[in-house]
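The sequence and the structure are shown first, and the description follows.

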Amino acid sequence: MSDTPGTSRRPRRPGKPYRRPEKDPVRVLAFEALRAVDERDAYANLVLPPLLRKAREKEGPERFDGRDAALATELVYGTLRWQGTYDAVLSACVDRPLREVDPPVLDVLSLGAHQLLGTRIPTHAAVSATVELARVVLGDGRAKFVNAVLRKVAQDDLDGWIARVAPPYDEDPEDHLAVVHSHPRWVVSALWDSLGGGREGIERLLAADNERPEVTLVARPGRATTEELLAEQAAEPGRWSPYAVRLAEGGEPGAVEAVREGRAGVQDEGSQLVALALAAAPVEGGDRLWLDGCAGPGGKAALLGALAAERGAMLLASEKQPHRAGLVAKALAGNPGPYQVVTADGTRPAWRPGTFDRVLVDVPCTGLGALRRRPEARWRRRPEDLDGFAPLQRGLLRMALQSVRVGGVVGYATCSPHLAETRAVVADVLKQTPDADLVDARPLLPGVPDLGDGPDVQLWPHLHGTDAMYLALIRRTG
């Protein structure tokens, strides 16, 4: 049909004039971070800092200040932590299964749900800002869909929605807790098995997983002191480690001179305790050569290296991945005592059996003990991942026991409380290693309460304020 005058083409109906979407830099950045987590399997704690740094360096109205950065951080981490709960709410507000909703649309809806249900942002502002974000990143058509869904979400608060979408505890305790505390059901079950006890303990643990973790520094012995770190920023001493300092909320590790110089580092207190317990374990005979068999990215290696240097011992730090070995070398640079970093497969030792007095293997794992720091891991991991880690974990522990001399001590550590990655691994390997015995690790963590029946140790976020680190100490007896 011709577009020339006189044709029967129907005239356009008058309507509202087109309005260009208003770009909100904070919410656009939060959306970009969520897309990176979803599309590239990235971690928010690696994606978000460079995005925020770039936003702070911009000129003009899109330049971030401290409040902008804080809001963007809350939107990203809050949305990731509460994804399971928000999915249950959104499922009740969408007329099709959520898996049929395009992922970018679902990210915008989740951001909106978090503003409505998890923050103090007024309802009208949360809806309008999210719909405007949808217009910018998705287009007008999808923005209408977002608007309709969020108006349904806004009809109730979080407690009201949970009462509607979570099954009763008495009918299905694990599924109830999964919705209320935003964890996959299988993770709830695994954590409960490891923790033991009744409802109160598991509720406290799951709630702790959804709290923003403190930033904890370590003053590396012989290179920095806690007094120095406490004097430079608003901070408090650590609870358990004599080398730990906890930054006040909003504290910036990069602003601490000792951190910039590598004399101190960012390290969870649970991770510090693992290294300290291994260093404190009594050994028979000499104490001159230590091994960190899974050293990347270098936090424990740097602390162990400094502790070894105080005793005139040398640390060998081994890491399979070359880029991670580079991070280890950077962390150890400036160590006051002798050390060496090698790129080697820990299951195929590049050293003779019986070489070391102390050996640490902090093995690769599901990371279920660090869900406070990496909330997306709870949605990314699957039960079948345990089978993939199992042979490596056992192989690394067997290697460690072969590498330590008679009378020496091995520390088996993992940032997961899952029994399949902790006690099951240790029990299986000890069955095949008759000349090795467990050492009671609890007395080596003086002042730390609630360490259980031993001889191994499981730390917990809700009890100790740390990641859920596990440690078993094993002495080679023959």
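## Backbone features

Asp-41 is situated in the loop between α1 (25–40) and α2 (44–57); helices (H or I, at least four residues) and strands (E, at least two) are DSSP runs, numbered from the N terminus. Its phi is near 55°, a positive value in a residue other than glycine. Ser-182 likewise is not a glycine, and has a positive phi of about 55°. Ser-182 lies in the loop between α9 and α10 (185–195) and, at 0% relative accessibility, counts as buried. Here buried means under 20% relative accessible area, exposed over 50%, and partly exposed in between (1.4 Å probe, protein chains only).

Two cis peptide bonds are described here. One runs from Gly-296 to Pro-297, with omega near 0°; Pro-297 is in the loop between β5 (289–292) and α15 (299–310). Another joins Gly-454 and Pro-455, with omega about 0°, and Pro-455 belongs to the loop between β10 (436–439) and β11 (457–458).

## Basis of the model

This is a predicted model, in which local features need pLDDT of at least 70 and side-chain atom pairs count only at pLDDT 80 or more, while totals for chains, interfaces and linings use all residues. Residues are numbered from 1 along each chain as its sequence is written, and side-chain values use heavy atoms, with hydrogens and water left out.

## The chain as a whole

The chain contains 20 helices and twelve strands, and its C-alpha trace spans about 100 × 55 × 45 Å along the principal axes. Of its 478 residues, 53% count as buried. Among contacts (heavy atoms within 4.5 Å) between residues at least 6 apart in sequence, 72% join residues at least 24 apart.

## Helix α4 and the cysteines

In helix α4 (residues 83–93), the buried residues are Gly-84, Thr-85, Tyr-86, Val-89, Leu-90 and Cys-93. Elements that cover them include α3 (66–81), α5 (103–117), α7 (140–153), α8 (158–165), α9 (173–181) and α17 (377–380).

Cys-93 has a relative accessibility of 4% and therefore counts as buried. The whole structure holds zero disulfides, a disulfide being a pair of cysteine sulfur atoms within 2.5 Å. Cys-365 is accordingly in no disulfide, and the nearest cysteine sulfur, that of Cys-415, is 5.8 Å away. Cys-365 is also buried, at a relative accessible area of 13%.

## Strand β9 and its partners

Strand β9 (residues 404–414) is largely enclosed by the rest of the structure, because ten of its eleven residues are buried. Strand β8 (residues 356–362) runs parallel to β9 and is joined to it by six bridges; two strands pair if DSSP finds at least two bridges between them. Val-361 has Tyr-412 in β9 as its bridge partner.

Strand β12 (residues 470–476) pairs with β9 in the antiparallel sense, also over six bridges. In this pairing, Thr-414 stands opposite Tyr-470 of β12.

## A buried aspartate

Asp-209 is part of helix α11 (residues 199–209). Asp-209 is buried yet has no salt bridge, and the nearest side chain of opposite charge, Arg-378, is 5.4 Å away. A salt bridge is a side-chain nitrogen of Lys or Arg within 4 Å of a carboxyl oxygen of Asp or Glu; for charge, Lys and Arg count as positive and Asp and Glu as negative, while His and the chain ends are not counted.

Leaving aside neighbours within four places in sequence, Asp-209 is in contact with Arg-81, His-183, Leu-191, Leu-371, Arg-372, Arg-378 and Pro-461.
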